[in-house]
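Have the viewer open as you read.

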Amino acid sequence: MQWKRCIVKANKRTNFFSPLPAKFGIGITLAVEVILFSQLSPYFFTAENILNVSLQLSITAIIAAGMTFVILTSGIDLSVGALVAFTGVISASIAKLSLPIFVSLPLAVAAGLMVGAVSGAFAGVCVTRYAITPFIATLALMTIFRGAAYIFTDGRPIWELPQQFALLAGGRVFGVPIPTLIMIFVYMEAYIVLEWTRFGRYVYAVGGNKEAARLAGINTNRILIGVYVICGVLTSLSGILLASRVNSGQPNAGLMYELDVIAAVVVGGTSLSGGRGTIIGTLLGAVLIGVLRNGLNLLDVNSYVQQVVVGFVILITVMMDQLRKK
Amino acid sequence: MPPLLRLKGISKQYPGVRALNDVEFELNAGEVHCLVGENGAGKSTLMKILSGALSKDSGEIIIDGKKVEVHSPSDALKFGIGIIYQDFKLVPELSVAENIFLGKEPVQTGVPFIDYAAMHRSARLQLAQLGEELDTTVPVHTLSVAQQQVVEIAKAISQKVTILALDEPSSALTERELINLFTIIRRLTSEGVGIIYISHRLEEIFQIGDRVTVLRDGKVVNACRVAEADRKSLIRWMVGRELEDEYPRFGLTRGEELFRVENIHAGILNGVNFSLHRGEILGFAGLVGAGRTELARVIFGADVKESGRMFLRGKEIAPRSPREAIDLGIGLLTEDRNRLGLIPEMNVVENISLSSLADLLRGPFLDTSKETESVRVLIEQLRIKTPHGHEPVENLSGGNRQKVILARWLLTKSKMLIFDEPTAGIDVGAKYEIYSLIGKLAGEGVGIVLISSDLPELLGVCSRIIVMHDGCITGELQRGEATQEKIMALATLAVEEVHRES
């Protein structure tokens, strides 16, 4: 049909970037980063450093996987940073109980994950049943959890945890840090759920056009609550891993994590208005930011300058993708 | 005297396709010149060039005998060209007056503040000239579509527009609102405004048009006085071949009762009773707001009913969500397929399979090869024009989008389908195809409800027509006895007229 053809053609206005594939912006930035850092620092391209980067970025990357689900439905979860702290102090305090370690450790993990699930379900109910915009609902949860973490610990970190608790994040399997393995597992699962299951398809549909999705027979409330639960559980998983890494429950852990996580998702090409995006993109986004931080650290760039650089790199990457689309 | 507007040899080339080819068009002051053609014929491209939204490759725009260059919409306004699109360009939260004077608000003398009193006064004056009385302080989103359209026209007129193009102005209007629009148009032409009128509804051209230009594949096929044309020839020029009939003949035989509602109350619905039989196409006529869409939504479980009972094949049903209705075998093709039907980000296959994924699983996973295969069959069966199944549904034309939604409901094996304004904004050729599909489904025993504001369509397609007014059924007409006049009388509740007639 001619009409269709001319629309397609009209969209492809000539532009330097236009023939390039999606997510090329992130590919270029990542390639530039890797080439630059491996030239500037001999240590950058060593196996040890690569494992180290993967460990460092695993915490936010795991949350970003959950955030991708939420953002795909055109929602947002601002409570993740505070939830990391709250989960951390809950898990740490349980790990510290004078119970046999084979009881306290699983209990600490289970309770931590439960916190995330309940928090996510609560956010989901606020968003669906009470029609509170996700931004406001999770903003409120953010300050609730942060405050609760301080109240619970009296503002002091929980120290002196059993040795075994630190092994969760400190241990290695065949030389690979456990958080890295968990991250890989989480991304494989997230990929399978989004690409191969009904739930995943419904997530995209709800984000694309919620009312049309409902009229197509999708229980949109269930999908929305589902994505917040997924995000909550993965956030708590990260919270437990972080507490284990620093071997303490810190009420000020995870400050500003929400911004890093959202940046990773958006840099990875997921649209904040929902319905468009991929989990692989988010992983690349998290790697992009993680590698950048690591490289700047290796080059001894001062941390104030780092923040500015990270901000610009995020902008440039997203800008390239926007230019390509035009 | 030179014509108000003359387009001379306008051409526009997109890569690979010639959207406009040497198009000539003329508009005199005080004239209504209709522009017709199928989707893709080049009407929109021509309007975009006139409004400065697109640049032409060659040709001239001559206004009042002077050659002008229109590079932007603000240029167009400067030359007195105004275009009112189907989707209005109003700011929903702003008031009527604020919309009319958007960007040129009257300012109080001496201080940089908006003079609201003056603004509302001149807004009321502007509307009064169009014979309309509206509260100028209410936000426009609270107005009906017809009222919003009047606001758009008032806005254009306040900008001293002398050439006004209306793109599908009637598509969301009821018969009565349309008559009002025609009154406004005549008022404008008597003041010397030239009107370009674009519509798929040919009968309107004979009601309001002075001249008509037919476009096909970017070329002017014919331009003549409306008095010299008839419906048949217009269609022949548009489609490029003879359509023996605008509505296919089905030869349906009425079977046993399939569905029945008893005394439904919900929102404005006030005690609705009707029954639908196999092998019949049951039309629902009425003015916008008569409760037809509300009734469809209640049957489909999208809205809850307050009281009343529904029976499908003799068994009582009470769907509380679209999912439950779908599982019972009911499908709803919503009005406004873009807003309520399609997921724009998804491709054709995903849009079609969306309601049937439960049947397309292998273990816990989607069986994508089975999905693609079952959808491919439907794409062929309904002749959906798409390069491939993974084309974004946004790139399809209106008729093909409607077929995508229909395919969705065929995949769920619906036993009963409710079509709400299925041919709004669809061109003649695609309409015929949709009617044929509806007839074929009815012949296969699927119960069909057809809600439409297009009376000729209801008369041409339906076996029986129920008319609604204000949440109640006011009458029922068999195919043979129904006429536009009888339907309108029932729809406006001027029932005594009907009796007098018969």
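Two strands count as paired if DSSP finds at least two bridges between them. The strands themselves (E, at least two residues), like the helices (H or I, at least four), are DSSP runs numbered from the N terminus. Some housekeeping: this is a predicted model, where local features need pLDDT of at least 70, side-chain atom pairs count only at pLDDT 80 or more, and totals for chains, interfaces and linings use all residues. Residues are numbered from 1 along each chain as its sequence is written, with chains lettered from A and ligands numbered from 1 in the order in which they are written.

Now find strand E3 of chain B, residues 32-36. E3(B) pairs in the parallel sense with strand E8 of chain B (residues 194-198) over four bridges, and there His33(B) stands opposite Ile196(B). E3(B) also runs parallel to strand E9 of chain B (residues 211-216), joined to it by four bridges; in E9(B), His33(B) has Arg211(B) as its bridge partner.

So is E3(B) buried or exposed? Call a residue buried if 20 or more other C-beta atoms, placed from the backbone, lie within 10 Å of its own, exposed if 12 or fewer, and partly exposed in between. Five of the five residues in E3(B) are buried: Val32(B), Cys34(B) and Val36(B) point one way, His33(B) and Leu35(B) the other.

Next, the place where the chains meet. With contact meaning C-beta atoms, placed from the backbone, within 7 Å, 28 residues of chain A touch 34 of chain B. On the chain A side, helix H1 (2-11), helix H9 (198-208) and helix H10 (210-215) each give two or more residues, and H1(A) gives the most, with nine.

Technical notes:
Contact = placed C-beta atoms within 7 Å.
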